[in-house]
Amino acid sequence: MTWFLQASAAVYLASGLGALLGLLLPSARLLRGATSGLALGAVLQGLVFATLHERSPVPSLTDLPQIIAFMVWISAIGLVVLNFRFRLGGLVAVMGPVAFLAVFVSGLNWGGNSPPISGGSLPHIHILLSSSGLGLLGICGLVGFFYLLEHRRLKRKRPVSRRFQWPSLEALDQVGIVCLVIGFTLLSLGLLTGAAWVRDSQGQLWTGSSHAMWTLVAWLIYAGLLGLRILGRQGARQAAATAVGGFLFLLFAVLGVGAFQ
Amino acid sequence: MRILLVGMSHKSASVEIRERYAVDEVGPILAKLTDLDEIDEAVAISTCNRVEIVVSTRQMEAARHTLYQCFHADLGGGASLPDGSHLDDHVYEYFDQDAVTHVFRVASSIDSMVVGEPQILGQMKDAYRDARETGSCGPLLSRLYQRAFATAKRVKNETLVARRPVSVARVAVELARQIFEDLQTKQALMIGAGEMIEASLFALRRQGLGGCRVANRTRSNASELAARFGADAHGLGDLDQLLSDSDIVLSCIGSTEFILDADRLSQAMAERRRRPIFLIDMGVPRNIDPDVDSLENVYLYDIDDLQQVAQSNEAERQRESQDAERIVLEEQERFVGWMVALQSVPTIQHLRARAESIRISELERSLSRMDLDESERDHVDGLTRSIVNKLLHPPLSRLKAQTDREEGLAVLEEARALFALDDETAPGSEVDEVYRGDESERALKETLASLDGEEPE
C-alpha cells in the first residue's frame, strides 16, 4: 500500500467517525470538519490514481477492488460537491466508512498481477465511465434510503429530532435527481463504450453474457425511473424506493455477476 | 457584601396572586430601595410568570424585612390576598450562592414555565438595563447579571434545551423545514383567519416563507389578515385552484364537514406533479379528512399530532435541562469564587487596619510613659509590629486560602464576627470609616478592577 493510499484510508475513516460524532453530539462544526475530511481523503485518493503509472507493476484499473475504489472515489467527490448546495454533512457518517473499506480492500490487492486486457483504451474508458456512473447512482441510492427513513418518521408523527442534523426531504430528493441524471448519462456512455469494446474484440455488439444482460436490465430500470420523474408520473417517495432497489440491482449486475464469473 | 433574592413565580403562586404583584415600571421601586441604608444595589424583574427583586446588602436581616415590605406595600398595594393566604406562603427567598444559582437558572430558562423559552432572557436584559438606568445596579449585581447572560448563552449553545420548539405554531414550522429545504421558494395556503392561523403565519414569515394566500369563508377577514402579512386574500371557492400550487396548507376554520378530502387532494397532487405537500390541520373539529394522510407525498398533521410533538419536545427539554443544570452549577461556583475573592480583600485590609490601629494607639500610650531614646523606640515599634504580623499571619493565610472554595463566604462572615469587624465599639474601629459609605464604594471598585485585571474608573 502506498503512503497516499494509507493516508486516504485513514482520513476517510476519521471523517466518517467525525461525522457520526457530529450527528450524535450534535455539532455542525464537527460535521463541516468531517466533510472537509472526506474532501481531503478524495484528494489523497486522487493522488493515488495520478501516481499509478509510477508503480511497478502498474496496478490495473480493471481489477474489481480497484473498480470499487474508483467508484467510491467518484461518490466521495460527488458528495463533497453537492454539499456546497445542500446540508449533506450527516451522510459522511456512511460515506466515510464505506470509502475507507473500499480503499483498504483495494490496498490489500495492491500490485497484484491482473491478466492483461486487450482492446486498447476502450476497456479502461468503459470501466471509468461505468464506475463513475455507478458511483453517482450509489449516492442516488444512499439518499433514497435516507429519504425513505425520513418519510417513514414523518408519516409516523415521530417527534421533531434536531439531534440528527439531517437534510430535509426536499434536499435528499434534489440530490437524488442530480445524481440520477448525471449517473445515468455516465452509465449509458459506459454501456456504449462497453458495446464498442465487445464489438472490437469479439466482432459483435451483443454477446448475450449474463453481465451484459443484467446490466442492460439495470439500465432499463434507471431509464424508466428517469422517464417517470421527467414526466412527473412518480413522486419523490416512490423515486427514492426505486433508486435504492435500482442501485442494489445494478451492484449485482455490474459487480456481483462479474465477481461470480 | 451579600446577595439576597426575594420573589414569586408560577411555581410558588397562581396567576391570580401573581397578577397582583406584577408592575409595569420597576424604576421607582428600585430607586426607593437603594435610598435605604440596608440595600446597596437592586435589580427587579416583573413578568407575567415572575416578580423578583435581587439586592446586594451588608445588613441581611434588615434587607430581607425591607423586601417583604416592598412586596406587600409597593408591589401588592397593601391589599390582602383573595384566597385568604399570606404573602409568605407565595414568596421564596434565596441567599448568596443560592441566589446566584437562581438568577442563572432563570436566565437560562430552566426555571421557566416552558423550559427553554427564549423570552425570559430578553426580559432579564430589560430588567438589568432598567436598573442600570435607574442607577440601582452597582458593580456586584452588574457582574452577577453579566455572568447570568453568559451562562444562558452557554446553555443555549451547549445543550438542546432551547432548540426544541414547544408551541404548536413553531412545531408546524419546524416540521415544514424537515420536509422543505428552502421555505423562501414555497407557497403557503392558510384556510381561516383566526389567531392560530395568524400565529402560524407569523412563525412561517419569520422563517422566510416565499408566498402566502389566505382563504376564508368571510373574505373581509381574510383580506384583513392578508394585508398585515403581505398575502393574497381568497374565498373558500378558490381552494382547488390554490391547492395545486401550495406546498404548505394550514387550516383552522369552524366547520362540521371536512374542507379537504382525499379526492380533492388526489386531484391537486396530480396537478402539482406529485411534489410533496405538508398539511397542518389545527381545526377542532378537524378540517381535513385523515384519509388524506394515506396519499403518497402528502404529510398531514392534526392538532393532536402537533401537541404530541410539542409535549415530547417539552419532555426532551426537561431531560436536556440536566446538562443545563451542570453548566449553571459550574458558573455559580465560578461566580461565588469571584465574590469570595472580592470580599476577602476588604476584609483582610480591614483586619490589618484594625490591628495596626490598636498597635499604634497602644504603642503611643506606652511610649509616653517610658523614657526611651530614638533607637529604643524604633526597637519597640519593630517588636510590636512583628508580634501583630505573626499573630495575624495564620488567620489571614486561612482567609486567602478560602477564597476559591464555596464555603468561603461563610468563613469570611465568621472571621468578621470573630474579630468584631462590624462592631463599631470594638477597639480600633475608628479606621472603619474607610470601609463604609463612598470610600467603601471606591474600595469595592478598586477591588473589582484588580480582580478583573483592569484599571479602576
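**View 1. An open parallel sheet in chain B.** Six strands of chain B make an open sheet, ordered 7-6-5-8-9-10, with parallel pairing. Strands pair if DSSP finds at least two bridges between them. Strands (E, at least two residues) and helices (H or I, at least four) are DSSP runs, numbered from the N terminus. Strand 7 (232-235) and strand 10 (298-302) of chain B are the edge strands, each pairing on one side only. From one strand to the next, the twist averages 20°. Axes are lines fitted to C-alpha atoms, for helices over the stretch in contact; angles run from 0 to 180 degrees between N-to-C directions.

This is a predicted model, in which local features need pLDDT of at least 70 and side-chain atom pairs count only at pLDDT 80 or more, while totals for chains, interfaces and linings use all residues. Residues are numbered from 1 along each chain as its sequence is written, and chains are lettered from A and ligands numbered from 1 in the order in which they are written.

**View 2. Strands 9 and 10 of chain B, with helix 12.** Strand 9 (residues 277-281) and strand 10 of chain B pair in the parallel sense over five bridges. Ile277(B) stands opposite Val298(B) of strand 10. Helix 12 (residues 303-369) of chain B packs on the sheet and touches strands 9 and 10 of chain B. The direction of helix 12 makes about 80° with that of strand 10 of chain B.

**View 3. Helix 1 of chain A and its cover.** Chain A has eight helices and zero strands. Helix 1 (residues 3-24) of chain A has 22 residues, which should span 32 Å at 1.5 Å a residue; its end C-alpha atoms are 32 Å apart, which agrees. The expected span is 1.5 Å times one less than the number of residues. Buried residues of helix 1 include Leu5(A), Val11(A), Tyr12(A), Gly16(A) and Leu23(A). A residue is buried if 20 or more other C-beta atoms, placed from the backbone, lie within 10 Å of its own. Their cover includes helix 2 (28-50) and helix 4 (92-108) of chain A. Of the 261 residues of chain A, 44% count as buried.

**View 4. Confidence along the chains.** pLDDT is the predictor's confidence in each residue, from 0 to 100. Chain B has a mean pLDDT of 84, with 91% of its residues at 70 or more. Over residues 451-457 of chain B, pLDDT is below 50. Chain A has a mean of 85, and 88% of its residues reach 70 or more. The model scores ipTM 0.84 and pTM 0.63.

Technical notes
Two residues are in contact if their C-beta atoms, placed from the backbone, lie within 7 Å. A residue is buried if 20 or more other C-beta atoms lie within 10 Å of its own, exposed if 12 or fewer, and partly exposed in between; C-beta atoms are placed from the backbone.
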